[in-house]
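I opened this notebook to record what I looked up in the structure. The entries follow the order in which I took the topics.

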Amino acid sequence: MTNGTNVLRVVVVGNGMVGYKFCEKLIAKAKDITLDITVFGEEPRPAYDRVHLSEYFAGKTADDLTMAPLDWYFDNGIKLHLSDPITNIDRETKTVSSHHGLIVSYDYLVLATGSAAFVPPIPGVEKDGVFVYRTIEDLDMMQAHAKKARKGAVIGGGLLGLEAAKALLDLGLEETHVIEFAPRLMPRQIDQAGSDILKAKLESLGLQIHLNKNTHEIAGDGIITAMNFADGSKLEVDMLVISAGIKPRDEVARLSGLEVGSRGGIVVNDKLQTSDPHIFAIGECALHDHMIYGLVAPGYEMADIVATNLCNGAKEFKAYDMSTKLKLIGVDVASFGNAFISEPDCQTIVYENKSKGIYKRINISNDNQLLLGGVLVGDAEQYNMLLQTVNNKLVLPKDPENLILGARGGEEEGGAGVMGLPDDALICSCEAVTKGQICHEVSENKVHSVDGLKKCTKAGTGCGGCVPMVKDLMLGTMKEQGIYVRNIICEHFDYTRQELFDLVKINEIKSYEGVLDKFGKGDGCEVCKPAVASILASLWNDMILAKGNDIAQDSNDRFLANIQKGGTYSVVPRIPGGEITPEKLIVIGTVAKKYNLYTKITGGQRIDLFGAHLNDLPVIWEELIAAGFESGHAYGKALRTVKSCVGSTWCRFGLHDSVTFAVEVENRYKGIRAPHKFKGGVSGCVRECAEAQAKDFGIIATEKGWNLYVCGNGGAKPQHAQLIASDISKEDCVKYLDRFLMFYIKTAEPLTRTATWLNKMDGGITYLKDVVVNDSLGIAEELETEMAGLINNYKCEWKEAIENESIRKRFSHFVNAPEVKDPSVAFTPLRDQKRALEWVK
């Protein structure tokens, strides 16, 4: 497609993500063609990553978001004109005119003008304090206004609206509201049940969601003060972000006489040509088969198709898969395939766990052969494999529920796994990278890092959603070749958890920043921060909220409490072995009554108190600690409880004193942090009233002593613990427990329960028994010594928190008014007690 001189003159109108990607792909494909590329951008800066725009408020700079620096354009011979939009296209002379008066000729013109925020015609929308959420300049204006704002709202409960809501949370507003016209959040991506789970999850993080709301007017004298709704209700706000959708930027196309859709968008054919064959349109401005695509992946595919065709290739654009996975304010949300098909046209399998905020739904064909689509909320770990199963029409396993529940009862995981995909399976939709390409680079070119694969294939450099699958393919290919695989923590640490554990220990580093500075790179992420925080806690058993480590903790750890529904918190004092004196029972009752808390006896033999305000946590714990209670670590990756039956003390079947042993064991390991939570049980006989074999460690009395079981758990994937030592003394039992727990702490991957750890261990229980009981590695004494160090370092976290003024200050809802409680928290009667109200709609 050259002009006869072997020079291809291409003008690109628009320098967003898709415009930049087109230039990148055109340069890569033009092997024997001399390019003359001119790019006009409306914004004052080079192309930047709009997908991760909300991270601007979380500390990323404009440079961090930039797709490529100005030098890249210069080095590739691209003439880039910023802050200079095209105002006219002369199709007869094949020239464009810019706002600053430049006239440039083209052989082919590529329109990548993107979209603008759709602003509904609401009276008052022009007032100060009303923003759209589209550019870095918009974010700068929002940031400036937020310094004098207290209550913010977002119109729009879709993808863009929830991203904007995250931005308001990051700006530190006291209240953030989401206003959605539809009866559910994200109506284009997830079903009603998934939306309900998402809504509850977002409300627990501080958002207030209002559904079925039609904004009638934006009130205020020149500046916004309130929103008035069509149903007569009113919401006082002093900042509003409109993120209710997009409209294609087709103005210059209209002016030049190109065909546009009735609702906007530049009409294109399968080659992405407009009604003028020398002019193409790509990205959010292009209307293909009556569809505007608002995701980056189809825009990148369009860029690749036009670049291919301009370089004498042949490629066409077809209807694009709109499956998507996102993390919205820390909550996974995904939909894939035909998410909304329902019975009788399919069979539906649903897993729902409201307490954990998880919803999974898959739709399978009526003959049980194929996966048709589904929805994931709260846990989207299986998304990539589920999407591949749909796209490649893979035959389902015998038990299709394994696809979302995983292996249970010793069965294999559902399906053949990532290595069973065909070579032409599309892994990275943003860059059109297949499984075969990735595996080729690993096996033939010896690329053995995710960063290396990103550089040579571009996989994972777009939205980033495919990175876990790219990593799995890399590791799987390496294993097939017999290459030793290092399972590094994340892109910021080129170490496995075990390696980093040893390095931190040897260098005696005691803060996250210290570990990042010495062994990491970049700013860290949501994967490595809690993982490193866990390592530090497991090594030193120091106060987790000490300066330098507080920002790295999981959300519950930051408040030393589980964050519950309705903006409330739980208080869970430790009750070792379930044994408690009448005096302590009275204290719990007194505290619960004084602070109006809901009380419940749990399956772990504790008394949980729910419904506490954030401000009340320190004063509640002050009273409990004064009565001799300690933190129960119900919020931590630590020992939760050691459950016991009454044993020989009271029971006529009891062989030994299980209560005393349970109390001793719980007091021994309390506060010890691990890769995941762990639980124990002590039963006085084989009748197993304490359910010891359903715990991470279980101790059962025998005629000759005690049997020790390890690596069991309940939950979504229940697994019985396995016998590691039988008929042993109490002293040997404790010794083996010390070794077992310390070996687990040192070697397990982040967020791995003991059962999963054992399942993945080469040699299984036989190998573990050799290490723990027979000391096959010669490390028994070291493990015992390290455990003794952790035990000796124990301090009650809540005792430290209430005595340390800087930590205690964390427990206030309003920083400048610490005595004021969260006004949105409300309760309703429940039998003889109360429960937290759902967030106000």
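**Entry 1**

The model is a predicted one: local features need pLDDT of at least 70, side-chain atom pairs count only at pLDDT 80 or more, and totals for chains, interfaces and linings use all residues. Residues are numbered from 1 along each chain as its sequence is written, and side-chain values use heavy atoms, with hydrogens and water left out.

I take helices (H or I, at least four residues) and strands (E, at least two) as DSSP runs, numbered from the N terminus.

Which residues of H18 are buried? They are Ile 588, Val 591 and Ala 592, where buried means under 20% relative accessible area, exposed over 50% and partly exposed in between, with a 1.4 Å probe and protein chains only. Seen down the axis of H18, these residues fall within an arc of 100°, so they line one face of the helix; the arc is that of the directions from the helix axis to the C-beta atoms. The face turned away from the buried side carries the exposed residues Pro 582, Glu 583, Ile 586, Lys 593 and Lys 594. I noted that the buried residues pack against strand S31 (598–601), strand S32 (607–612) and helix H19 (617–626).

**Entry 2: the nonpolar cores**

Of its 78 residues, Phe 22, Leu 111 and Ile 282 touch the most other members. Helix H8 (residues 296–310) gives the most to this core, with nine residues. Apart from it lies another core, of 60 residues, including Leu 737 and Ile 765.

**Entry 3: aromatic rings**

I found 17 aromatic pairs in the structure, counting rings of Phe, Tyr and Trp (its six-membered ring) with centres within 6.5 Å; planes under 30 degrees apart are stacked, over 60 edge-to-face and the rest tilted. Tyr 495 and Phe 519 form an edge-to-face pair, 6.0 Å centre to centre with 85° between the planes. Tyr 495 lies in strand S29 and Phe 519 in helix H15, so the pair ties together parts that are 24 residues apart in sequence. Tyr 495 is partly exposed, at a relative accessible area of 25%, whereas Phe 519 is buried, at 11%.

Definitions and conventions: Core = buried A, V, L, I, M, F, W, Y, C linked by side-chain atoms within 4.5 Å. Contact = heavy atoms within 4.5 Å.
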